[in-house]
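Look over the sequence and the model first, then read the points below.

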Amino acid sequence: MNVSAKQANGAGPSVVIIGSGFGGLSMGHSLKQAGIESFTILEKAQDVGGVWRENTYPGAACDVPSHLYSFSFEPHYPWSCRYGKQAEILDYLRHVARKHDLLSHVRFGCEVLGADYDEARGLWRIRLKGGEVLEANMLVSAVGQLHQPQIPQLKGLEGFKGRTFHSARWDHGYDFKGKTVAVIGTGPSAVQLVPEIAKEVKRLHLYQRSPGWCVPKLDRPYRRWERRLIEAFPLLHDFDRMRIFWTFELLNSALLRKPILGTIAKTFLRTSAEVLKHLQVRNRALRAKLTPDYPMGCKRTLLSNEWMRTLAQPHVEVISEGIREVTAGGIRAEDGTLREVDAIVYGTGFASTEFLAPMEIHGLGGRSLRERWKNGAEAYLGMSVSGFPNLFVVYGPNTNLGAGSIIYMLEQQTRYIAQAATVLRDRGLASLEVRVDVQHEFNAMLQKRNKQTVFEAGCHSWYLTADGRNTNTWVGYMSEYGRLTRTPNLAHYHLVPAKASDEALARAA
Ligand SMILES: Cc1cc2nc3c(=O)[nH]c(=O)nc-3n(C[C@H](O)[C@H](O)[C@H](O)COP(=O)(O)OP(=O)(O)OC[C@H]3O[C@@H](n4cnc5c(N)ncnc54)[C@H](O)[C@@H]3O)c2cc1C
């Protein structure tokens, strides 16, 4: 099948979007808003939803209030609680896909293996598993940052006789009742699932590399009258959305180490974390074990009212000695202690710095994006890469947030990319390619500002590459990113006229 039939005039460029999570659906919606219907969303699974389809572990939920963790174009939804649970968020995404007529654009069961830019024709050739090749003027990756589970490389793991699974590949058939279970990791997923499975197991061993800062989660169900009120007066909802946004901006001040607001926010967060710990953990030694030695926000801050309380239970043990090896029946810690377990659950997160992997993307002159990013991914505004015309990345490098709603960031990006698509259409261009000097200048700014934030303050987090560079998280306020991405500055791009893609060939040579 050839998706590319329509060219720059009339209906607009053909666009292939990879992924149907929040990012892919937002991209489809933005294109529709721009009057472009010639797009196809390729999704390797059989449903929309992205991480909310994949992460079905017990307790999976949002840690941003749903009034903000939702699309601005579909804000009014009858959430049952302040913080949506996984199943509810997945239903919300299905609802959005149906209501905004995005489903008819999705091809399910289509896994993209890679894409090559055909310089002569100014087209992306997109290779699917099974051999099919599609062609499109524009390629948008919306595969997210948290898609490929990270499995720890532990000595002896292959010889373990019990059950093992990752939080994003939950085995709902596994009966935890009466079992002794090891959980590895103390990130946001572990914080949600450990309190749930601790209710069932006989014994739980939690292996932590480093503890996380944990603050209370101010969650509660909406009362019926509240929901009716919000339905009757949607402005109340909009006001709440705005309030949450600016509260997060205040919290961002702490992560960005801003002098006055940052100190206020930091003091507030630290105090609430310390109070929570003191109230829920009476044992001093355990409290010490659960006290981070890095500034708050360096790793993602945890939100839970149950985490600390669960770790203080007598049948739960926190082990911070590190893992020496896995044996057939258990885990041996670095201090030599062997603990027999029936199952190992990985709460170890995702291969977050390997953007777009395992796809192989080749741009001008056959250059490999993976090769280009081998020392750390970078893109102008997190979206465009020089040498890769008409390729845009949603939730790309340095567009994650330490505090705030990723949906806000995704919407800024998809609006920007849709505007780029209209530029192709309205000016009859073959391609837009970000200038290399613009990309370098932008990334020099990111690296400089990284040093002032808490993200590179010395902890081990999923925001960082192996050599400690933050390639994942944005270094400013959400509102600043919104300002920077309001409209594409065409002076930042090489504009290649439709019939002059030879220019691209010349530049590549
Ligand atoms: C458990 C969990 C909780 C989270 N909680 C929050 C939160 O509270 N607040 C917040 O702001 N963010 C949170 N996040 C971050 C979350 O990733 C983003 O908020 C958002 O959902 C990302 O959407 P996305 O569409 O960019 O990526 P994803 O949701 O990962 O969607 C990517 C889609 O691409 C598809 N895909 C991947 N590769 C291919 C391929 N080669 N071919 C075809 N299809 C492909 C996948 O199947 C998937 O459907 C959470 C993440 C996780 C994992």
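Which backbone oxygen does the side chain of Q145 reach at 3.4 Å? It is the backbone oxygen of Y395. Keep in mind that this is a predicted model.

- Q145 sits in a loop, between β7 (138–141) and β8 (163–166).
- Q145 counts as buried because its relative accessible area is 3%, and buried means under 20%.

**The ligand and its shell**

- How many residues surround the ligand? There are 34, and the closest are G23, E43, V51, D63 and Y69.
- By class, 18 residues of the shell are nonpolar, 10 are polar and six are charged.
- Three elements each supply at least two residues of the shell: α1 (22–33), β2 (39–43) and α2 (51–54).
- The largest share comes from α2, with four residues.

- The side chain of Y69 has an N or O atom 2.6 Å from an oxygen atom of the ligand.
- At G23, a backbone N or O atom lies 2.8 Å from an oxygen atom of the ligand.
- At F22, a backbone N or O atom lies 3.2 Å from an oxygen atom of the ligand.
- On its own, the ligand has 990 Å² of accessible area, and the protein covers 96% of that.

**Domains**

- The protein is divided into domain 1 and domain 2.
- Domain 1 is made of the segments 15–48, 102–147 and 353–508.
- Domain 2 is made of the segments 157–222 and 225–346.
- How far apart do the C-alpha centres of domain 1 and domain 2 lie? They are 31 Å apart.
- The contact between the domains takes 23 residues from domain 1 and 22 residues from domain 2.

Terms used
Residues are numbered from 1 along each chain as its sequence is written. This is a predicted model: local features need pLDDT of at least 70, side-chain atom pairs count only at pLDDT 80 or more; totals for chains, interfaces and linings use all residues. Side-chain values use heavy atoms; hydrogens and water are left out. A residue is near a molecule or strand if one of its heavy atoms lies within 4 Å of it. A polar contact is a pair of N or O atoms within 3.5 Å; within protein, one must be able to donate a hydrogen and the other to accept it, and residues adjacent in sequence count only if both atoms are side-chain atoms. Accessible areas come from the Shrake-Rupley method with a 1.4 Å probe; for residues, only the protein chains shown count as cover. Ala, Val, Leu, Ile, Met, Phe, Trp, Tyr, Cys and Pro count as nonpolar, Asp, Glu, Lys and Arg as charged, and the others, Gly among them, as polar. Buried means under 20% relative accessible area, exposed over 50%, partly exposed in between (1.4 Å probe, protein chains only). Domain bounds come from an automatic or database domain assignment. Contact means heavy atoms within 4.5 Å.
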